[in-house]
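Here is a quick tour of one protein model, taken a piece at a time. Have the structure open and follow along.

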Amino acid sequence: MKNQAEEKAAEQFRMRLKNKQDEMKLEGDLRRSQRACQQLDVQKNIQVPREAWYWLRLEEETEEDEEEKEQDEDEYKSEDLSVLEKLQILTSYLREEHLYCIWCGTAYEDKEDLSSNCPGPTSADHD
């Protein structure tokens with residue numbers, strides 16, 4: 001009985017650790033996508049992102065920006081999008097608007113080039 005409890009606790013620990021690692025990877029992928037989105041948007045002379053969270057926030061913000069940021073964070077809470085959902089939305093935007101695949105690290109010539117040379121829209125498609 002004691003061994004079963006220990007095994008169960010160890011399995012739960014491994015699952016929590018794996019979930020934490022997966023979450024950290026998703027957050028890193030989202031930041032990478034945000035950086036790419038900002039660079040590609042700026043190259044197209046887009047000065048404001050489609051959604052505020054599409055771009056990374058600048059660390060050097062003034063006090064006015066801090067107040068706006070607090071208001072924006074309230075809006076984010078109301079959206080209730082998970083990191084995975086944001087990543088999926090942002091990678092779709094990058095593929096549609098910029099013909100860019102974050103997983104390939106490549107900007108394609110046209111939609112046909114993207115569909116024929118990119119394995120798919122998710123990280124798992126590229127494994």
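## Tyr54 and its partner Gln34

Start at Tyr54: leaving aside neighbours within four places in sequence, Tyr54 is in contact with Gln34, Cys37, Pro49, Ile89, Leu90 and Tyr93. Bear in mind that this is a predicted model.

Gln34 sits in helix H1, and it counts as buried because its relative accessible area is 10%, below the 20% cut-off. With neighbours within four places in sequence again left out, Gln34 is in contact with Trp53, Tyr54, Trp55, Leu56 and Leu90.

## The nonpolar core

Tyr54 turns up again in the largest nonpolar core, a set of 19 residues. Tyr54 is one of the residues with the most contacts inside that core, a list that also has Cys37, Leu90, Tyr100, Cys101, Tyr108 and Leu114. H1, H3 and S1 each put at least two residues into this core.

## Helix H1

So how does H1 itself look? H1 runs over 2-43, and at 1.5 Å a residue its 42 residues should span 62 Å; the end C-alpha atoms are 62 Å apart, so the two values agree.

Which residues of H1 are buried? They are Asp29, Leu30, Ser33, Gln34, Ala36, Cys37, Leu40 and Asp41. The cover over them includes H3 and strand S1 (100-101).

## Two positive phi angles

Most residues other than glycine have a negative phi. Two residues here go the other way. Asn45, which follows H1, has a positive phi of about 60 degrees although it is not a glycine. Asn45 is placed in the loop between H1 and helix H2 (63-79), and it is exposed, with a relative accessible area of 63%.

Leu99 is not a glycine either, yet its phi is positive at about 55 degrees. This one belongs to the loop between H3 and S1. Is Leu99 buried or exposed? Leu99 is buried, since its relative accessible area is 15% and the cut-off is 20%.

## The second largest pocket

Last stop: the second largest pocket, with a volume of about 190 Å³. There are 13 residues lining this pocket, and Leu84, Leu87, Trp103, Thr122 and Ser123 are the closest to its centre.

Helix H1 and helix H3 (83-98) each supply at least two lining residues. H3 gives the largest share, five residues. Sorted by class, the lining has five nonpolar, five polar and three charged residues.

Notes: Residues numbered from 1 in each chain as written. Predicted model: local features only at pLDDT ≥ 70, side-chain atom pairs only at ≥ 80, totals over all residues. Heavy atoms only, no water. 1 Å grid on protein atoms, 1.4 Å probe; cavity = no way out; pocket = protein on both sides within 12 Å on 5 of 7 lines; lining within 4 Å. Points joined across faces, edges and corners; volume = space filled by probe spheres on them. Helix = DSSP H or I, 4+ residues; strand = E, 2+ residues; numbered from the N terminus. Nonpolar A, V, L, I, M, F, W, Y, C, P; charged D, E, K, R; others polar. Expected span 1.5 Å × (residues − 1). Buried < 20%, exposed > 50% of the residue type's maximum accessible area, 1.4 Å probe, protein only. Contact = heavy atoms within 4.5 Å. Core = buried A, V, L, I, M, F, W, Y, C linked by side-chain atoms within 4.5 Å.
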